[in-house]
Amino acid sequence: METMKVIRVTGKGQIKVKPNMTRITLELDGTYPEYNETLRRSAEDTEQLKEILSPFGFERSDLKTLYFDVDTEYESYWENDEHKRKFIGYKFEHRLKLEFDSDNERLGKILYALANSDANPEFRISYTIKDEESAKNELLGKAVTDAKEKAAVLSKAAGVTLKDIQSIDYSWSKIDFEVHPMSKSLLSEDCLMSEISSNSYNLDIEPDDIEVSDTVTVVWEIQ
């Protein structure tokens, strides 16, 4: 039986997309002597965040949990040249996210409310896109087109003819449609924002386009 002759070509797709969604990632943590108290304080801090965000048009369910954990906390020390550990309590870590259509005025009010709240969460701001699926499809289309163009050049140079496609291999890797221009530590930077009233910051943030790439490998039969 004659072995099928094939050509394998990897095409690369690249696109730039303008961010249109703002994402705030918040982190709460605390350490308390009793497990039940740790859970209670975690719930109270989360409830406070939801109350802070409510005046800005968010439903309680808009604040999504990304990660939650409670673990024991110890303090290391030396006693009589012997290393020991002292139980401190239980520490909770709660990471959440909030997403909304990009709006610097709304974002400025939200950041001011968070920065001046008793919950005092750590947070960072990032930008993403609303319709990731369409962007992924466009990216794959460009990668396949690039593979076809390369295959046409190679087959012509080699004096062979492209026949049917035998397989298409896509990496299925996660594509990160996100840019991170700032975090809570930048709130004091005059170049980014200034307080314009008793309850808002004046933001001057224009996120860069998100540039992503991916590859597709296509195998053709050749004659």
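**Exercises on charged residues**

Asp146 is found in helix α3, residues 132–158 (helices are DSSP runs of H or I of at least four residues, strands are runs of E of at least two, and both are numbered from the N terminus). The model is predicted, so local features need pLDDT of at least 70 and side-chain atom pairs pLDDT 80 or more, while totals for chains, interfaces and linings use all residues. Residues are numbered from 1 along each chain as its sequence is written, and side-chain values use heavy atoms, with hydrogens and water left out.

**Exercise 1.** State whether Asp146 is buried or exposed, and find which backbone nitrogen its side chain reaches.

*Solution.*
- Step 1: Take the classes: buried is under 20% relative accessible area, exposed is over 50%, and partly exposed is in between (1.4 Å probe, protein chains only).
- Step 2: The relative accessible area of Asp146 is 19%, so Asp146 is buried.
- Step 3: The Asp146 side chain reaches the backbone nitrogen of Lys12 at 2.8 Å.

**Exercise 2.** Classify both partners of the salt bridge between Glu206 and Lys18, and locate them in the chain.

*Solution.*
- Step 1: A salt bridge is a side-chain nitrogen of Lys or Arg within 4 Å of a carboxyl oxygen of Asp or Glu. By this rule there are 12 salt bridges.
- Step 2: For Glu206 and Lys18, the N to O distance is 2.9 Å.
- Step 3: Glu206 is in the loop between β9 (200–203) and β10 (210–222), and Lys18 is in the loop between β1 (6–17) and β2 (21–32); the two are 188 residues apart.
- Step 4: Glu206 has 61% relative accessibility and so counts as exposed. Lys18, at 52%, is exposed.

**Exercise 3.** Work through the salt-bridge network of Arg23, Lys97, Glu99 and Glu178.

*Solution.*
- Step 1: Glu178 and Arg23 form a salt bridge at 3.1 Å, N to O. Glu178 lies in strand β7 (residues 178–183) and Arg23 in strand β2, so the pair ties together parts that are 155 residues apart in sequence.
- Step 2: Glu178 is buried, with a relative accessible area of 15%, and Arg23 is buried at 14%.
- Step 3: Glu99 and Lys97 form a salt bridge at 3.7 Å, N to O.
- Step 4: Glu99 is partly exposed at 29%, and Lys97 is partly exposed at 23%.
- Step 5: Salt bridges link these four residues, Arg23, Lys97, Glu99 and Glu178, in a network.

Definitions and conventions: A polar contact is a pair of N or O atoms within 3.5 Å; within protein, one must be able to donate a hydrogen and the other to accept it, and residues adjacent in sequence count only if both atoms are side-chain atoms.
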